[in-house]
Amino acid sequence: MHGTGSVKFVKTFHPFVDKAESLLPRLAEHPVTPARLVEVVADPNAFQGWAVQEAGTVEELQTRGFGKGDSFILDFGDHQVGYLTLSLDTIEARADSPVRMKLTFGEMPCEMAEDFEGYDGWLDRSWLQDEIFNFDVLPGTYTLPRRYTFRYLKVEFITPARKYKVVFPDIRVTAVTSADVSQVAALPESIPEELRDMDRIAVKTLQDCMQTVFEDGPKRDRRLWIGDLRLQALTNYCTFRNYDLVKRCLYLFADLRLENGAVGACVYEKPEPAGDDIYLYDYSLFFAATLYDYYRASKDEEALRELWPVAYEQILLSLERLDERGILKDDPSWWCFTDWHDKLNKQASAQAVLIYTMKRALSLAERVGDAGKASFIRRQLKIVTAAALEYLWDSERGFFVSGADGQISWASQVWMVLAEVLDAERNGELLDRLLTVNPEIRPKTPYMYHHLVEALILAGRKEKALEQMKAYWGEMMRDGADTFWEVYDPADKNNSPYGSNLINSYCHAWSCTPAYFIRTYFS
Ligand code: RAM
C-alpha cells in the first residue's frame, strides 16, 4: 500500500530546501489505547445535533465475537494523530476467509453519524477518513499504513458471515508529534480554571498540528500554510519552543516561491518539497512578519540575513498593486485571504496588512543594517499610511471603509488597528465603536477572532479581549472541543466554507492562539 509514485523530479539546486531538510524533526511516538465504547445519537441540544453516549467497555472486545452486520464505535478519549494497530483473533472456529471491515475515523461525532456518501462539499471526498480493509490471516496484528486524525473509530463488519467470529485482543494508536510536551511551562496557580482548560486545549491543538512541518490541520489539509504558520509560531514560542521547526518552514517558503518571486500561500513536503500555485496577497506579506517574530524569539542572526532579501522582495511585489493614490487596487484579479466570509471586501484590510508588515520589514532592515532599503520602506510607509487615512477613513461614520461600496467590516477595523494607522487612543475608540455598532460583516473564523483579540489588547482593551476569548473559544469548549476548530460560528454551528461540516478541520492551526494570549498577556 506504500505508493512509490511515478512522477520524475529533476533535482535542481535548492540550498534553502536543503537547509530545511537538515532541520527535519524526528517525531515522538506514544501509544494510546481506547477509553470506552460509545454510540452517537441524534440530540437537537448537542453540537451539530449529535450526542455521544457510553455503550460499554473496551475489554468487551476481547470476548464478544463480531460478524457480518455488526459494528461498534471506539472513543479514544481525546484527539489523536497517528497510526492504528489492530490485533485480531477468532472465536467459535478458525478463520476460513479474510475478514472484511469498514473503518471510519472521525474527529467529531458528526463523522460517526452522518453518511459520507451524502457528502457534496467542494473539497474532495477523499479527505473523509474511511476505508475498507481485508485482513487475510487471523490471529494477526496489523498496523494500518496511513496516518489518521481522530477521537472516534467506527468499525463495521462486512464479513465474516459464516463459521467464525472476530475478537480484538488489542487496539491502539501510536500518536505522533514533533512537539516536546516537557517544554510547556505550567501556568501560575492564579489562572482561573476556564482559562486553564482553554490553554490546555489550545496547546493540544498546536501539538497535534506539529508534525514534520506546522500543518494547518492534521486531518485536512495536512500541509504548511503561511497564514497558519505565523500564528502557530507565536504560540510555539511560549509553549513548545521548537525554533528549528519554524526555521525549517521559513526556509521551505523562501525557496519554493512562485515564478515572480512571491512567497506562495502553501507548500507540500512530499514526495519532495514543492510549492503550490496559490498566491494570496496577505499570506505572501506574512513571510516578513513571520521572520520578524522568529528573529525576536530566536535571535537567529544567520537566518535573518539569509531570509531578509526574500522578505524585502515580498514588500516590493506587494507595492506593485498600489494605484497612483497609494491605495491597493481592488478588482477581481487578486485574491487576499483575510477571512472565510463570502461578502467581505478585502481592500482596506489588505492595505492594513501591507502597512503592518512594512513596519516589521523596516525593523528587520534596520537590524541587518540595510540603510538604503530602510529609507525606501520608510518613504513608502508614509505614502500608504497617508493614503489609508485620506481615502479609506470615513470620518463621519468613524470607520475604515473598503471597496467601491465603502463596506464597513470588522476585518477592516481590526487590521487597521493592528497596523497602528491611528494613534493608540483613537484605536481604542475605534474598537469600542466596532463592538457597539456591530457591523454586519463579522469575523467568521478563529483566524479573524485571533486578530480581533490581538487588536483589543494592543489598544489597551484587555478586559474586552478576554470577553471575546471566553465568548468564542469558551463556547467551542462548551460545545465539546478537544482541540480547537478551523471554523466556528456560534450562530450557525454547521457552518462550513466548503459546503459540509464533515470536511471542516476540527484541530486547526490558526485556532491555537488562546495559549499565546493566556501565556503572554493573562498570566
Ligand atoms: C484553508 C485552510 C488553511 C488556510 C487556507 C487559506 O485551506 O483552512 O488553514 O490557511 O484555507
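**Close-up 1. Three strands, β10-β11-β12 in order, form an open sheet with antiparallel pairing.** The edge strands in this predicted model are β10 (224–225) and β12 (274–275), each of which pairs on one side only. Strand β11 (residues 266–268) runs antiparallel to β12, and 2 bridges join them. As a reminder, strands of a sheet pair through backbone hydrogen bonds, either parallel or antiparallel.

**Close-up 2. Helix α8 (residues 347–368) packs with helix α10 (residues 410–418).** Their axes lie 8 Å apart, at an angle of about 15°. Because angles under 35 degrees count as roughly parallel, α8 is described as roughly parallel to α10. The crossing of α8 past α10 is left-handed. On the α8 side, the contact is made by Ala348, Ser349, Gln351, Ala352, Val353 and Tyr356. Helix α10 contributes Ala411, Ser412, Trp415, Met416 and Leu418. Sorted by class, this contact has 8 nonpolar and 3 polar residues, with no charged ones.

**Close-up 3. Leu307 sits in helix α7 (residues 301–319).** Is Leu307 buried or exposed? Its relative accessibility is 0%, so Leu307 counts as buried. Setting aside neighbours within four places in sequence, you will find Leu307 in contact with Phe16, Leu250, Tyr251, Ala254, Phe287 and Leu291. One of these, Phe287, is 20 residues away from Leu307 along the chain, and the C-alpha atoms of the two are separated by 9.4 Å.

Key: Residues numbered from 1 in each chain as written. Predicted model: local features only at pLDDT ≥ 70, side-chain atom pairs only at ≥ 80, totals over all residues. Heavy atoms only, no water. Axes fitted to C-alpha atoms, helices over the stretch in contact; angles between N-to-C directions. Helix = DSSP H or I, 4+ residues; strand = E, 2+ residues; numbered from the N terminus. Parallel < 35°, antiparallel > 145°, perpendicular 65-115°, else oblique. Left-handed = near helix turned anticlockwise from the far one by under 90°. Contact = heavy atoms within 4.5 Å. Nonpolar A, V, L, I, M, F, W, Y, C, P; charged D, E, K, R; others polar. Buried < 20%, exposed > 50% of the residue type's maximum accessible area, 1.4 Å probe, protein only. Pairing = 2+ DSSP bridges.
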